[in-house]
Amino acid sequence: MKEVGKRKFKVQQKSSIGSIANARLYSFIGVLGIIVFAVSWRGCIGGVSFSVDETNINPATLAFNSERAFDFLVKQVEFGPRVPGTEESVKTQNFIAQKLQEAGAKVLRQKFSVTYRGKTYQMANVIGIVKGKSERKVLLCAHYDTRPVADQDPNPENRNKPIPGANDGASGVAVLLEIAQVLKTHQPPRTVVFAFFDGEDLGDIEDGGMFFGSKHFARNLTVDGINLKAEMGVLLDMVGDRDFKSNDEWYSRFYALQVVSGLVQAAQKLGYSRYFFQPPTLTILDDHVPLNEIAGIPTANIIDFDYPYWHTLQDTPDKCSPQTLSIVGKTVLQWLMSQQR
Ligand SMILES: [Zn+2]
């Protein structure tokens with residue numbers, strides 16, 4: 001847990017998974033953006049498998065275009081920092097909406113305003129719906145906003161500047177937009193609700209400055225008369241690191257073990273087991289917590305928290321890779337396409 005110490009997180013040693021009943025309490029306390037607790041439970045769902053049976057790989061999975069996904073990441077960074085309420089944020093919303101439309105999705109914008117530390121922000125979640133063969137819904141989500149302050153930057157002069165957010169912001173969006181493009185020609189068994197959240201990374205957890213978009217979505221699942229309550233979901237956050245390995249994550253296991261298991265199976269089919277839900281087991285406060293606890297949508301978080309450029313001005317596209325976006329995108333697609341109607 002070296003990274004945790006270095007990043008000045010409040011770390012709480014938990015003696016056993018038996019205290020899991022306190023999950024709700026823990027979700028309302030904390031210090032910084034995403035909070036990590038060390039847990040002693042050293043489970044590893046993933047295992048290692050290198051044998052790949054290509055006959056089990058869905059054609060949709062193979063259609064994921066890693067270069068196009070990476071272009072989506074670069075494009076967002078080129079807009080500038082996507083701080084809530086800014087012109088750059090609106091440009092990004094429009095870009096997401098346009099790509100969803102091109103993919104044939106129905107697009108909704110869920111607008112809301114938030115007052116935080118005396119300032120009011122106009123925020124919006126962008127939502128896309130891709131019809132599946134059945135009405136049953138699956139949620140795929142990511143935050144598109146970026147942190148207004150690089151508070152982890154090694155240079156103190158940079159710490160009040162906004163981050164570029166190539167990995168922390170753009171990567172999850174890029175993977176989801178590419179998945180949407182694939183689904184245009186490969187209809188999924190279930191209807192897919194894409195949700196792009198605003199205001200994940202605005203302020204601090206201790207005074208309620210995080211997860212504004214996902215909280216608003218979780219409390220308002222009906223948008224323009226359409227009920228968006230999905231049976232399960234996957235959150236992507238920080239899924240672009242060139243050196244990618246997503247963490248085994250405690251909330252995901254507790255609330256959405258079925259989703260975690262499904263993703264692990266999909267990863268095994270692709271020979272990607274070593275990249276998913278690997279030790280150390282972290283407890284991460286992120287947009288999946290409101291989805292699990294407020295909306296009641298079992299949602300797993302794919303997140304690689306071992307990223308040295310987290311909340312710094314060095315979170316730029318060169319730290320990310322098309323290959324990583326492809327590993328994540330293909331795994332999610334394989335999972336999505338193998339579901340029963
Ligand atoms: Zn962040």
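**Two helices crossing**

I started with helices H8 and H10 (residues 322-337), which pack at an angle of about 115° with their axes 8 Å apart. I am reading a predicted model, where local features need pLDDT of at least 70 and side-chain atom pairs count only at pLDDT 80 or more, while totals for chains, interfaces and linings use all residues. Residues are numbered from 1 along each chain as its sequence is written.

For the record, helices (H or I, at least four residues) and strands (E, at least two) are DSSP runs, numbered from the N terminus. Axes are lines fitted to C-alpha atoms, for helices over the stretch in contact, and angles run from 0 to 180 degrees between N-to-C directions. H8 and H10 are therefore roughly perpendicular to each other (under 35 degrees is roughly parallel, over 145 roughly antiparallel, 65 to 115 roughly perpendicular and the rest oblique).

Which residues meet here, in H8 and in H10? I found Gly262, Leu263, Ala266, Ala267, Lys269 and Leu270 on the H8 side, and Lys330, Thr331, Gln334 and Trp335 on the H10 side.

**Helix H9**

Next I checked H9 (residues 288-295): six of its eight residues are buried, so H9 is largely enclosed by the rest of the structure. Buried means 20 or more other C-beta atoms within 10 Å of the residue's own, exposed 12 or fewer, and partly exposed in between, with C-beta atoms placed from the backbone. The buried ones are His288, Val289, Pro290, Leu291, Asn292 and Ala295. Their cover includes helix H7 (212-219), strand E8 (232-237), helix H8 (250-270) and strand E11 (299-303). Just past H9, I noted Gly296 with a positive phi of about 70°.

**The sheet**

E8 and E11 run parallel, joined by five bridges, and Leu235 stands opposite Asn301 in E11.

**Confidence**

Last, I looked at pLDDT, the predictor's confidence in each residue, from 0 to 100. Its mean over the protein is 88, and 84% of the residues reach 70 or more. Over residues 37-49 the pLDDT is below 50.

Definitions and conventions: Two residues are in contact if their C-beta atoms, placed from the backbone, lie within 7 Å. Two strands pair if DSSP finds at least two bridges between them.
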